[in-house]
Amino acid sequence: KMSRRDKYSIILPTYNERENLPLIIWLIVKSFEKSGHDFEVIIVDDNSPDKTIQVATELQKIYGEDKIVLRPRQGKLGLGTAYKHGSRHASGNFVILMDADLSHHPKFIANMIEKQKAGDCDVVTGTRYVPGGGVHGWDLHRKLVSRVANYIASVLLTPGVSDLTGSFRLYKKEAFDRLIDLNTSKGYVFQMEMIVRARQEGYKIDEVPITFVDRVYGNSKMGNSEITQYLFGLLKLFSQIDY
């Protein structure tokens with residue numbers, strides 16, 4: 001049974017996403033119209049050189065200021081702070097994190113909401129690594145890197161979820177705000193620390209299968225420096241965790 005006050009705030013950090021933004025917003029709106037849940041999309045643009053904010057402003061005119069909330073920042077300040085900034089402006093009692101580059105399809109949001117309600121979960125994470133989940137558009141090297149990254153993390157941190165580095169997630173807002181205050185990581189390690197801290201805090205976590213599609217437009221933001229950063233972050237996180 002849907003509580004009338006449930007509202008889902010989707011935080012969408014953007015940087016050079018002007019081609020993807022109209023399509024991802026359309027898909028989000030379509031998926032929520034179908035499910036009937038209340039929602040808003042908070043676009044946190046970090047002063048994109050491609051003027052993503054102009055497109056976001058046009059989309060706000062189409063869908064309305066109650067559905068499309070613009071909270072731009074002055075420059076590229078990192079993913080973790082973008083989510084924190086977005087959450088500060090969220091009016092929902094749930095927060096959904098997803099990428100704006102169409103790698104996460106909004107059709108999976110309904111499954112996440114269903115899973116959250118069924119188990120009164122604090123966190124529901126989308127996973128590529130269970131039956132029904134998967135990755136499209138990645139070469140073998142990229143798949144291997146992702147698998148190895150998740151494997152190393154799971155061995156060191158035993159988080160109890162199969163996809164630790166994924167960034168398509170649903171949180172109860174109070175859990176999200178608490179976890180983001182505890183989080184000290186940047187970049188790709190940020191998502192991992194959120195799950196590890198959630199487990200440490202005793203939050204209830206579950207997962208749903210998703211398919212991840214590589215970026216449709218634009219270049220992927222994951223290079224070798226990010227992989228190195230990930231491994232160092234992982235070891236730092238491992239050294240901080242109390243079991």
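This is a predicted model: local features need pLDDT of at least 70, side-chain atom pairs count only at pLDDT 80 or more; totals for chains, interfaces and linings use all residues.
Residues are numbered from 1 along each chain as its sequence is written, and side-chain values use heavy atoms, with hydrogens and water left out.

**First stop: α6 and α7**

Select residues 173-182, which form helix α6, together with residues 189-200, which form helix α7; helices here are DSSP runs (H or I, at least four residues) and strands likewise (E, at least two), numbered from the N terminus. The two axes come within 9 Å and cross at roughly 115 degrees, where an axis is a line fitted to C-alpha atoms, for helices over the stretch in contact, and angles run from 0 to 180 degrees between N-to-C directions. α6 and α7 are therefore roughly perpendicular to each other. To see the contact (heavy atoms within 4.5 Å), show Phe176, Leu179, Ile180 and Leu182 of α6 with Phe190, Glu193, Met194, Arg197 and Ala198 of α7.

Stay for a moment on Arg197, which lies in helix α7 and is buried, with a relative accessible area of 11%; buried means under 20% relative accessible area, exposed over 50%, and partly exposed in between (1.4 Å probe, protein chains only).

**Second stop: α1 and α2**

Next select residues 21-35 (α1) and 52-63 (α2), whose axes come within 10 Å and cross at roughly 30 degrees. That makes α1 roughly parallel to α2. The contact is made by Leu21, Pro22, Ile25, Trp26 and Val29 of α1 and by Thr52, Val55, Ala56, Leu59 and Tyr63 of α2.

Finally, select residues 109-119, helix α4, and colour its buried residues, which are Ile109, Met112, Ile113, Gln116 and Gly119. Looking down the axis of α4, you will see that these buried residues fall within an arc of 150 degrees, so they line one face of the helix; the arc is that of the directions from the helix axis to the C-beta atoms. On the other side of α4, Glu114 and Ala118 are exposed. The buried residues of α4 pack against several elements, including β1 (7-14), α1 and β4 (94-97). Just after α4, look for Asp120, which takes a positive phi of about 45 degrees.

Definitions and conventions
Angles under 35 degrees count as roughly parallel, over 145 as roughly antiparallel, 65 to 115 as roughly perpendicular and the rest as oblique.
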